[in-house]
Amino acid sequence: LIFEDKGIALWSKSLTFKNMQVVLNSIGSTPYTAEWNWSTVCASKDSTLTLDNTDMTMDGTGTASNVHAIYFTGNDKLNIQNGSNLTIQNYKQDGGDGGYNVNITNGSSYTSDHNRSGFTGTFYVTVDDSTVKVLNSTGNGSNGSHFDIKNGSDVEFSNNGSHGLSAGNLNIEDSTVTASNNGLTGITFTGKGSITDSTVTVTGTKGLTNSHRYGYNAGLRLGSSSATLDIKNSTVTVADNYTSGILCRKGSKLTIDDAST
């Protein structure tokens, strides 16, 4: 299925692509041009978009500077499941209204390459037995969503202009997470963090300016006074960063058990 003119508008409806190849290249508007003429895919609350054993590619090349790839709002769901692959690249704008869910499950993948951001807003991301790559964002790789990464997943946030993996709550379990060469912090979160039976590597974090490198940015940052991080039976490597390695805000708590490195 190749979209040649307009994208997708969902009005509290569910849309599923199953066993398909879906292509949306250089699509700068939904069919609802009166208001949603700044996004390829846009939805009102209580909508669901599901990719089921489907490859979807979205390329924003040639669209206007205000165009978003996918803009969701309250209680919307994006499901990438059963070996599906979603690739989004070359969008200059990002956004979302918060409160929605992204579920990447059952051997699926999501790749964001050279967009404004990979995940924007505060919502809930589940990565279960799947792969996520957020690369070359001009801004943050993510911006405060809650991440649950588990069951052999492989997640990478690299070469993003600002933060790499920026989260509220962050759970990493039986998975591999890599953050390399990001602009501000490699991994930062403000809520409850846990790393269990996993391998996490943070390298090459730049820090935006010299004045911020040691007072604000870090390879791994507990970014609020209430942040906690429990590391259990895991290997965490924070090395070769151009800023602080690990930064714990006053009042935060870092716990490492004897089985971890």
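**Exercise 1.** Is phenylalanine 157 buried or exposed?

*Solution.* Keep in mind that this is a predicted model. Step one: take the relative accessibility of phenylalanine 157, which is 1%. Step two: compare that value with the cut-off, since buried means under 20%. Phenylalanine 157 therefore counts as buried.

**Exercise 2.** Classify the pair formed by the rings of phenylalanine 72 and tyrosine 100.

*Solution.* A pair of aromatic rings is described by the distance of the centres and the angle of the planes. Start with the distance: the centres of phenylalanine 72 and tyrosine 100 are 6.0 Å apart. Next, the planes stand at 80°, and an angle over 60 degrees counts as edge-to-face. The pair is therefore edge-to-face. Phenylalanine 72 sits in the loop between β8 and β9, and tyrosine 100 in the loop between β10 and β11, so the pair ties together parts 28 residues apart in sequence. Both phenylalanine 72 and tyrosine 100 are buried.

**Exercise 3.** Now do likewise for phenylalanine 119 and phenylalanine 157.

*Solution.* Here the ring centres are 6.4 Å apart and the planes are at 35°, so this pair is tilted. Phenylalanine 119 lies in the loop between β12 and β13, while phenylalanine 157 belongs to strand β16, so the pair ties together parts 38 residues apart in sequence.

**Exercise 4.** Which residues are closest to the centre of the largest cavity?

*Solution.* First, the space: the largest cavity holds about 290 Å³. Then the lining: of its 22 residues, Ile70, Ile88, Tyr110, Gly118 and Phe119 are closest to the centre. By class, the lining has 13 nonpolar, 8 polar and 1 charged residues.

Definitions and conventions:
Residues numbered from 1 in each chain as written. Predicted model: local features only at pLDDT ≥ 70, side-chain atom pairs only at ≥ 80, totals over all residues. Heavy atoms only, no water. Phe/Tyr/Trp six-rings, centres within 6.5 Å; stacked < 30°, edge-to-face > 60°. Helix = DSSP H or I, 4+ residues; strand = E, 2+ residues; numbered from the N terminus. Buried < 20%, exposed > 50% of the residue type's maximum accessible area, 1.4 Å probe, protein only. 1 Å grid on protein atoms, 1.4 Å probe; cavity = no way out; pocket = protein on both sides within 12 Å on 5 of 7 lines; lining within 4 Å. Points joined across faces, edges and corners; volume = space filled by probe spheres on them. Nonpolar A, V, L, I, M, F, W, Y, C, P; charged D, E, K, R; others polar.
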